[in-house]
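I opened this model to work out its sheet. Notes follow in the order I looked things up.

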Amino acid sequence: MKPFKTIQNPDVPVSHLPFSPAVQIGQFVFVSGQASVDDTGKLVTDTFEGEMRRSLENIRKVLAGAGLTFQDIVQTRNYVGSQEDLAEFNRIYAEYFEQPYPARTTLMGCLGTLLKFEIDVVAVAPQS
């Protein structure tokens, strides 16, 4: 038996790839990278802003499956396709996260041509 449980929610986009949307071990919830996909897991190409917002809303859906919100996120790892989108990334990021901000890593130019943005997060569930 694995020492973690898989987080699932009917609202979480379905992936056809071999990974769980999120796993929880103890209080820690590790959310897999979320990209601009619809509820069936189909990639939705859009502007940078559209792809980033769709990715963040997918994070919201996965967290809801664990009973968590953006306020429970302690770390984000962000993948920005183009350095030209960095200012827009920071503007949109500040709409979703507030101080004290989670720890953050941002990588640029690492997504090839398929995606403009992807994000994965670590959240902490409150102690029961």
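I count two strands as paired if DSSP finds at least two bridges between them. Helices (H or I, at least four residues) and strands (E, at least two) are DSSP runs, numbered from the N terminus.

**Ground rules.** The model is predicted: local features need pLDDT of at least 70, side-chain atom pairs count only at pLDDT 80 or more, and totals for chains, interfaces and linings use all residues. Residues are numbered from 1 along each chain as its sequence is written, and side-chain values use heavy atoms, with hydrogens and water left out.

**Sheet.** I traced an open sheet of six strands with mixed pairing, in the order β1-β2-β3-β6-β4-β5. From one strand to the next, the twist averages 15 degrees. For angles I use N-to-C directions, from 0 to 180 degrees, with axes fitted to C-alpha atoms (for helices, over the stretch in contact).

**Pairings.** I checked β4 against β6: they run antiparallel and are joined by seven bridges. Ile-73 has Ala-123 in β6 as its bridge partner. β4 and β5 run parallel, with six bridges. There, Thr-76 pairs with Arg-104 of β5. β3 (residues 28-34) and β6 (residues 117-124) are antiparallel over five bridges.

**Helices.** Contact here means heavy atoms within 4.5 Å. Helix α1 (residues 48-65) packs on the sheet and touches β1, β2 (22-25), β3, β4 (73-80) and β6. Its direction makes about 25 degrees with that of β6. Helix α2 (residues 86-96) also packs on the sheet, touching β4, β5 and β6. The direction of α2 makes about 155 degrees with that of β5.

**Gln-34.** Is Gln-34 buried or exposed? Gln-34 is buried, at 6% relative accessible area; buried means under 20%, exposed over 50%, partly exposed in between (1.4 Å probe, protein chains only). I found Gln-34 in strand β3, opposite Ile-119 in β6. Leaving out residues up to four places away in sequence, Gln-34 touches Pro-21, Ser-55, Asn-58, Ile-59, Val-62, Glu-118 and Ile-119.

**Cis peptide.** Most peptide bonds are trans. The bond joining Gln-99 and Pro-100 is cis, with omega about -5 degrees. Pro-100 sits in the loop between α2 and β5.
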